[in-house]
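Trainee: Could you walk me through how to read side-chain contacts in a model? I would like the general idea, then the case at hand.

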Amino acid sequence: MAKRALLGVVAVLIFFSAQLPAQQTGTPSAAGASASVETRLAKLEQQVADARSSADNAWMLTSAALVLMMTGPGLALFYGGLVRKKNVLSTMMQSFAMMAVITLLWGLVSYSLAFGPGTSFVGGFHNLFLRGVGAAPDPDYAGTIPAQTFMVYQLMFAIITPGLIAGAFAERMKFSAMLLFMVLWSFLVYDPMAHMVWGKGGLLNASLGGRFPCLDFAGGTVVHVTSGVSALVCALYLGKRVGYPKEMITPHSVVLSFIGACFLWVGWFGFNAGSALGAGSLATSAFVATHFAAAAAAIGWSAAEWVRNGKPSALGAISGAVAGLVAITPAAGFVGPMSAIVIGFVAGAFCFWMVAKVKARFGYDDSLDAFGVHGAGGTLGALLTGVFAVSGINPIFKDAQGNALASGLFEGNAHQLLNQFVGVVIAWLIAIVGTLVILKIVDVVVGLRVAEDDEIQGLDLSQHGEEGYSWEVTA
């Protein structure tokens, strides 16, 4: 028995001694396996990040195309149909010219002035000629898309904004004067305002620590208030069209304007939802808010018109939709669909009142109601953003620990109304002063208004030597 026990002990010792080399050689294998897992996890994380970047980039390039579509064909058709047929091409040409001229200005210097580092009021020359704007993201603006994508997306805003002003001086400004005016206006009004609201270190920038954090998701102050107020200044400075208001001046084709308004509605999804700068839930929220506001505003304008005139018009319905799109622009990324309906409905009725009552009361000739829709609607929307904004949609304000703070009045942040008011006042002031100075310069250099005979003949022939419609009579 003792011998068998001894043999058993020896067998056990031999067994464990045989396992030692295997365990020693297995230690490096475990370490290698662990390293392999970490490598694969890192690779997987990179693939996920690349996939997100690709999705965001695809959405932002699509949004850029949608915003460009708002200018041509959207705005070109909308404005073109509202003028008399002798001015249809000249009016559409104003929109098209912005697509070419502002693009070059943006690449040469304006992007740097709007989004480059600088002062609280305007950027500097760091990104002159698009230096440093390439495939790498700029984390201050959008960390998942190339800086060049962000640049070209913002370019589309810079294109349509001065184009909106043309609605006020339609049918009476020289083409040469329009070009010079738009170039100077982009430099002196749009670029500083864009920097103050959206640029690094901007005075009104809510996400990058501005002194007065103004909530402007997609351009209520930057685009609509500045263009609308500038439009009013232009209308007052140039004076009324020949025959206005004694002669009946009506749109030559509401059909064109109807098609243009539909293009604007669709393109506005790129304008507002694209301002989320990514393909996430915030883009969805802005998309939904935009659509509901436009629908409510079309109903609001039509209802007000129905009560006043006894019938709703197609022109009124499409004008109301545009007014709602304007008003929801600053709020799109901060409010839910029910708030968007309220903003849209109020904007539709309010802008109708501005066009039907206020313009008639003061007698200014805002040809295509650029101020009544964009100036008034943009101002209203910017202020209502401070009322309805909620942190549950977009927690833009946070405390030192990263916890979300209240955004708007109804959520408990009454001070935000003051910030919104400051943003609106600055936009009004820079638009009024800047536009007056520019108009005076242009008037001295090339003259602003066409001769009376040229205006009567129509700007298509007098400015471009062609006609929009050729009516051939055959025997």
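Mentor: We will go through ring pairs, charges over rings and salt bridges. This is a predicted model, in which local features need pLDDT of at least 70, side-chain atom pairs count only at pLDDT 80 or more, and totals for chains, interfaces and linings use all residues. Residues are numbered from 1 along each chain as its sequence is written, and side-chain values use heavy atoms, with hydrogens and water left out.

Trainee: How many aromatic pairs does the structure hold?

Mentor: Rings of Phe, Tyr and Trp (its six-membered ring) pair if their centres lie within 6.5 Å; planes under 30 degrees apart are stacked, over 60 edge-to-face, and the rest tilted. The structure holds 20 such pairs. Tryptophan 106 and tyrosine 111 make an edge-to-face one, at 5.8 Å centre to centre and 70° between the planes. Ring pairs also link Trp106, Tyr111, Phe115, Tyr141, Phe150 and Tyr190 into a cluster.

Trainee: Are tryptophan 106 and tyrosine 111 buried or exposed?

Mentor: Buried means under 20% relative accessible area, exposed over 50%, and partly exposed in between (1.4 Å probe, protein chains only). Both tryptophan 106 and tyrosine 111 are buried.

Trainee: What does a charge over a ring look like here?

Mentor: The test asks for NZ of Lys or CZ of Arg within 6 Å of the ring centre and within 35 degrees of the ring normal. Arginine 211 lies over the face of phenylalanine 212, 4.7 Å from the ring centre. Likewise, the charged end of arginine 361 sits over the ring of phenylalanine 362, at 5.5 Å from its centre.

Trainee: And how many salt bridges are there?

Mentor: Side chains of opposite charge can pair when their charged atoms come close. The cut-off is a side-chain nitrogen of Lys or Arg within 4 Å of a carboxyl oxygen of Asp or Glu. The structure holds 9 salt bridges, including one between arginine 241 and glutamate 171 (2.6 Å, N to O). That pair links distant parts of the chain, 70 residues apart.

Trainee: What about arginine 449 and glutamate 455?

Mentor: They form a salt bridge too, with the closest N and O atoms 3.1 Å apart. Arginine 449 counts as partly exposed, at 25% relative accessibility, while glutamate 455 is buried at 3%.

Terms used
Helix = DSSP H or I, 4+ residues; strand = E, 2+ residues; numbered from the N terminus.
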